Amino acid sequence: MEQYWDDDDLLVAAQSDLWNHLFVFLKSMSLKCAVELGIPDAIHRHSGPVSVPDLVAALSLPAARLPPLRRLMRMLAFSRLFTRQTSEAAAGGEEEDLYGLTPTSRLLVDDAGGRRSLAPFVRAMLDPVHTAPCLHVGDWFKAADGAATPFEAVHGSVIWGVTRSNPEFNAVFNEGMAADGTFIMDVIVRKCGHVFRGLRSLVDVGGGTGAAAGIVAEAFPHIKCAVLDLPQVVQGLPADGPVDFVAGSMFERVPPADAVMLKWILHDWDDEVCVRILQKCKEAIPSREAGGKVIVVEQVTGSSPEEKSTEMQHFFDVWMMILTGGRERDEQEWCKIFTEAGFSDYKIAATLGLRSVIEVFP
Ligand SMILES: C[S@@+](CC[C@H](N)C(=O)[O-])C[C@H]1O[C@@H](n2cnc3c(N)ncnc32)[C@H](O)[C@@H]1O
Ligand SMILES: COc1ccc(-c2oc3cc(O)cc(O)c3c(=O)c2O)cc1
């Protein structure tokens, strides 16, 4: 340590690292701004790299915003959200940087390659209802008032209370989750469709507005698909579509089906509550021999050797700690709650990016 503090190069490198930690939130905030302005869609519509003056025109921004937009675009391109190339100056004209989409920003475009945009997911996660508790984690650690999460300390209620009392946030949250549901279920039915083969019915517990269940119903039309979710989520949804909606609580009763799906549900809760949810699911399904199973879509931490993925898994874990009091789990921790809930076996059917599909058998 002594030697370290005597080395000026190491000292200033440490300061740079500190600045990086300090300002990395600007990455999220600039992404939020790009989505709010509709920059990915505007670039997509332009069909080819676009200059900042053209972007200002396409987005109908005030002319005075041209210089700041140049700076924002330069930063976003540096972070690899957009590509940046410098165009040849036309005779007598200025050189202009041209911006294009990267694989990441293509995900924010509606209908790029027939895919639904993940922009609603960005909007939901960076909504002030979510970011405000992130600014008060220190206060929460110190407070003796017993709020279970920073979210509850700031909003005075658990997240599902806020979705009930705040219709705007309810809509933003459900649209965000639906965008992710469509995105990942598309991949799941392609990559591990065998998980659904042979099923006659499936209920997606906490399935939101039915995006994920809708993809299963589309890919396997013979499977009767239903969603169980809270009344504020499913009320008013179409009753004549491919998915049946049931308003209720998974703590009371799960509608019977060959399989129950739990996508991004269990990581919202502590172990004891997860066991209660899984027991309710077990009551709803037939024996393993009769095809009964629970399909869990969640992170299995520690399963990726990549440093970037591991960092993301730590982010998720702290995100759940702040918002819901839930947690991410490694395979041993999953095994423990499956066993405690009375299940006999499980199999990790696939790992897609950071998420795994786990079949849990009664
Ligand atoms: C994180 S979201 C996941 C939504 C969806 N499964 C997905 O992955 O996109 C959690 C869902 O659980 C629902 N939920 C919360 N408490 C519930 C309860 N007691 N019974 C049924 N659903 C509940 C929420 O309304 C929300 O739709
Ligand atoms: C990929 O990044 C993300 C993964 C998970 C989530 C997320 O966020 C929330 C936020 C809430 O207010 C309540 C929730 O239950 C959840 C989740 O379950 C969940 O998975 C966000 C970003």
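**Ground rules**

The model is predicted, so local features need pLDDT of at least 70 and side-chain atom pairs count only at pLDDT 80 or more, while totals for chains, interfaces and linings use all residues. Residues are numbered from 1 along each chain as its sequence is written, chains are lettered from A and ligands numbered from 1 in the order in which they are written, and side-chain values use heavy atoms, leaving out hydrogens and water.

**The whole protein**

How confident is the predictor here? The mean pLDDT of the protein is 93, and 96% of its residues reach 70 or more; pLDDT is the predictor's confidence in each residue, from 0 to 100. The model also scores ipTM 0.93 and pTM 0.92.

You'll find 18 helices and 12 strands in the protein. These are DSSP runs numbered from the N terminus, with helices (H or I) of at least four residues and strands (E) of at least two. Along its principal axes, the C-alpha trace spans about 75 × 60 × 40 Å.

Of the 362 residues in the protein, 43% are buried. Buried means under 20% relative accessible area, exposed means over 50%, and partly exposed is in between (1.4 Å probe, protein chains only). Among contacts with a separation of 6 or more, 60% come from residues 24 or more positions apart; a contact means heavy atoms within 4.5 Å.

Take helix 6 (residues 66–78): its 13 residues reach 18 Å from the first C-alpha to the last, close to the 18 Å expected at 1.5 Å a residue. That expected span is 1.5 Å times one less than the number of residues. Which residues of helix 6 are buried? They are Leu69, Leu72, Met73, Leu76 and Ala77. They cover an arc of only 135 degrees around the axis, so they sit on the same side of helix 6. The arc is that of the directions from the helix axis to the C-beta atoms. An α-helix has 3.6 residues a turn, so residues three or four places apart point the same way.

On the other side of helix 6, Arg71 and Phe78 are exposed. The cover over the buried residues of helix 6 includes helix 3 (25–37), helix 5 (52–58) and strand 2 (82–86). Just after helix 6, Arg80 has a positive phi of about 65 degrees.

Helix 4 (39–46) is also part of that cover. In helix 4, the buried residues are Ile39, Pro40, Ala42 and Ile43. Their arc is only 165 degrees around the axis, which puts them on the same side of helix 4.

**A buried glutamine and a ligand**

Gln299 lies in the loop between strand 8 (293–298) and strand 9 (300–301). Gln299 counts as buried because its relative accessibility is 2%. Its side chain makes a polar contact with the side chain of Glu328 (3.1 Å); that term covers a pair of N or O atoms within 3.5 Å, where within protein one must be able to donate a hydrogen and the other to accept it, and residues adjacent in sequence count only if both atoms are side-chain atoms. Gln299 also touches His267 and Phe316, among others.

Both His267 and Phe316 turn up again at ligand 2: of the 15 residues around it, His130, His267, Asp268, Phe316 and Trp319 come nearest. Being near takes a heavy atom within 4 Å.

| Residue | Distance to an oxygen atom of ligand 2 |
|---|---|
| His267 | 2.8 Å |
| Asp268 | 2.7 Å |
| Trp319 | 3.0 Å |
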